[in-house]
Amino acid sequence: QVQLVESGGGLVQAGDSLRLSCAASGRAFGIYNMGWFRQAPGKEREFVAGIKWSGGVTYYADAVKGRFTISRDNTKNTVDLQMNSLKPEDTAVYYCARDRRQTRSVIITTDREYDYWGQGTRVIVSS
């Protein structure tokens with residue numbers, strides 16, 4: 001059984017930085033693409049960033065490109081999201097998720113292609 005546990009959320013001011021971390025239990029972490037999603041109040045869940053199983057390829061939503069950086073450590077079974085220059089519109093619950101397919105060659109942005117999800121960590125950015 002796979003478990004994903006996010007941490008690192010909090011209340012910050014616009015322009016600040018936060019680093020979210022996701023720790024995965026279970027086997028074979030290193031052969032699955034991983035993604036970060038977020039859900040703001042009253043809105044649908046949306047893709048934020050993804051990283052290929054090998055770690056060499058990343059992909060970002062336009063809204064966070066240039067401000068957020070996703071990384072992973074396959075020796076520690078972790079995937080992080082460094083968030084810089086935060087804006088009030090980044091306020092949301094952030095979730096990490098695992099791609100349902102092993103060693104997928106592309107990063108998928110639709111949440112139905114992710115089968116395991118963490119419980120989420122809340123980020124609030126005040127103006």
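Is Phe37 buried or exposed? Phe37 counts as buried, because its relative accessibility is 1%; here buried means under 20% relative accessible area, exposed means over 50%, and partly exposed lies in between, with a 1.4 Å probe and protein chains only. This residue has its place in strand S4. Helices (H or I, at least four residues) and strands (E, at least two) are DSSP runs, numbered from the N terminus. Between Phe37 and Gln82 there are 45 residues of separation in sequence, and their C-alpha atoms are 13 Å apart in space.

The structure is a predicted model, in which local features need pLDDT of at least 70 and side-chain atom pairs count only at pLDDT 80 or more, while totals for chains, interfaces and linings use all residues. Residues are numbered from 1 along each chain as its sequence is written, and side-chain values use heavy atoms, with hydrogens and water left out.

The next topic is the sheet. An open sheet is formed by 4 strands in the order S1-S3-S8-S7, with antiparallel pairing; two strands pair if DSSP finds at least two bridges between them. Strand S1 (3–7) and S7 stand at the edges with a single partner strand each, so one side of each is left without a neighbour in the sheet. From one strand to the next, the twist averages 15°, where axes are lines fitted to C-alpha atoms, for helices over the stretch in contact, and angles run from 0 to 180 degrees between N-to-C directions.

The sheet can be followed strand by strand. S1 is joined to strand S3 (residues 18–25) by 5 bridges, and the two run antiparallel; Leu4 has Ala24 in S3 as its bridge partner. S3 is in turn joined to S8 by 6 bridges, again in the antiparallel sense, and Leu20 stands opposite Leu81 in S8. S7 and S8 also pair antiparallel, over 6 bridges, with Phe68 opposite Met83 in S8. These two strands, S7 and S8, form a hairpin with 4 residues between them, and Asn77 in the turn has a positive phi of about 55°.

How many of the residues of S8 are buried? The strand is mostly covered, with 6 of its 6 residues buried. Thr78, Asp80 and Gln82 point one way from S8, whereas Val79, Leu81 and Met83 point the other way, and all are buried.

In the largest nonpolar core, which has 34 residues, Trp36, Leu81, Met83 and Tyr94 touch the most other members. Such a core is a set of buried Ala, Val, Leu, Ile, Met, Phe, Trp, Tyr and Cys residues joined through side-chain atoms within 4.5 Å. At least two residues of this core come from each of S3, strand S4 (32–39), strand S5 (46–51), S7, strand S8 (78–83), strand S9 (92–102) and strand S11 (121–126). In soluble globular proteins, nonpolar side chains tend to be buried together.

A covalent link is also present. The structure holds 1 disulfide, a term that denotes a pair of cysteine sulfur atoms within 2.5 Å. It joins Cys22 to Cys96, with an S to S distance of 1.9 Å. The pair links distant parts of the chain, since Cys22 lies in strand S3 and Cys96 in strand S9, 74 residues apart. The torsion about the S-S bond of Cys22 and Cys96 is about 45°, so the disulfide is right-handed. Cys22 is buried, with a relative accessible area of 0%, and Cys96 counts as buried at 0% relative accessibility.

The loops complete the picture. Arg67 is in the loop between strand S6 (58–60) and strand S7 (68–73), and it is buried because its relative accessible area is 11%. Its side chain reaches the backbone oxygen of Ala63 at 2.9 Å and the backbone oxygen of Ser85 at 2.9 Å. Leaving aside neighbours within four places in sequence, Arg67 is in contact (heavy atoms within 4.5 Å) with Gln82, Met83, Asn84, Ser85, Leu86, Lys87 and Asp90.

Asn84 has its place in the loop between S8 and S9. At 29% relative accessibility, Asn84 counts as partly exposed. With neighbours within four places again left aside, Asn84 is in contact with Asp16, Ser17, Arg67 and Phe68. Asn84 and Phe68 are 16 residues apart along the chain, and their C-alpha atoms are separated by 6.0 Å.

Terms used. A polar contact is a pair of N or O atoms within 3.5 Å; within protein, one must be able to donate a hydrogen and the other to accept it, and residues adjacent in sequence count only if both atoms are side-chain atoms.
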